[in-house]
Amino acid sequence: RLARAFRVLRVMTSFSKLRILLRTTASSFASLFWAMVLMFLVIYGTAMSLCQSLQKTLNEDNLPEDLRQWIYAAYGSGSRALWTLFVITFSGGWPNYVQRLVEEVHPLYALFFAAYVWVVIFTVTRIITALFLKDTLRA
C-alpha cells in the first residue's frame, strides 16, 4: 500500500508541468481570440486593397496571358487575395507571391509588400508573441 501511494504521488508530481501548461493555455485563449481577430482584419484589409489595385492590371490588353492567369489565380478575387495574404503571412514563402508582381507588373509593389512584411509579419506577430508570454508568466 505504501509503495502504491508513493507511485501515485510520483505520477501526480510528474503531471504538475502538464497542469501548468493547460492552465496557461486556457488563460491565454482570450488573447488568442483577439490576436486572431486583429490578424484577420489586417490580412483582410490588405487583401482587398491588393485585389482592387490589381483589377486594372488584369484588364490591360498588353498583359501576357501567363502573367494574367498567375495574377488572377493569386489575387483575382477577394477570397483568392485573402488566401494568398494568409499564405504570405504565415508560411514564410512570401517572395514566391511577390516577385512577379514587382518584376513584371510594377516596382512599387516592392514598397507595398516591404511595408506589409515589416508591419504585419515582424511587428504585429512579435507583439502578439510578447502578449502571450506576458499572459503565460502571469498565470
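Colleague: At what angle do α4 and helix α6 pack?

Modeller: This is a predicted model: local features need pLDDT of at least 70, side-chain atom pairs count only at pLDDT 80 or more, and totals for chains, interfaces and linings use all residues. Residues are numbered from 1 along each chain as its sequence is written, and side-chain values use heavy atoms, leaving out hydrogens and water. The axes of α4 and α6 (residues 94-105) are 11 Å apart. Their packing angle, on a scale from 0 to 180 degrees between N-to-C directions, is about 140 degrees.

Colleague: What does that make α4 to α6?

Modeller: Under 35 degrees would be roughly parallel, over 145 roughly antiparallel, and 65 to 115 roughly perpendicular; the rest is oblique. The angle is about 140 degrees. Therefore α4 to α6 is oblique.

Colleague: Which residues of α4 make the contact with α6?

Modeller: Contact means heavy atoms within 4.5 Å. From α6 come N96, Y97, R100, L101, E104 and V105. From α4 come D66, L67, W70, I71 and Y75.

Colleague: Is R68 buried or exposed?

Modeller: R68 is found in helix α4 (residues 65-75). Not counting residues up to four places away in sequence, R68 touches L58, N59, E60, D61 and L63. The relative accessibility of R68 is 19%. Buried means under 20%, exposed over 50%, and partly exposed in between, so R68 counts as buried.

Colleague: What radius of gyration does the protein chain have?

Modeller: The C-alpha trace spans about 85 × 25 × 20 Å along its principal axes. A compact globule of 139 residues would have a radius near 14 Å. The protein chain has 23 Å.

Technical notes
Helix = DSSP H or I, 4+ residues; strand = E, 2+ residues; numbered from the N terminus. Buried < 20%, exposed > 50% of the residue type's maximum accessible area, 1.4 Å probe, protein only. Rg over C-alpha atoms; globule rule 2.2 N^0.38 Å.
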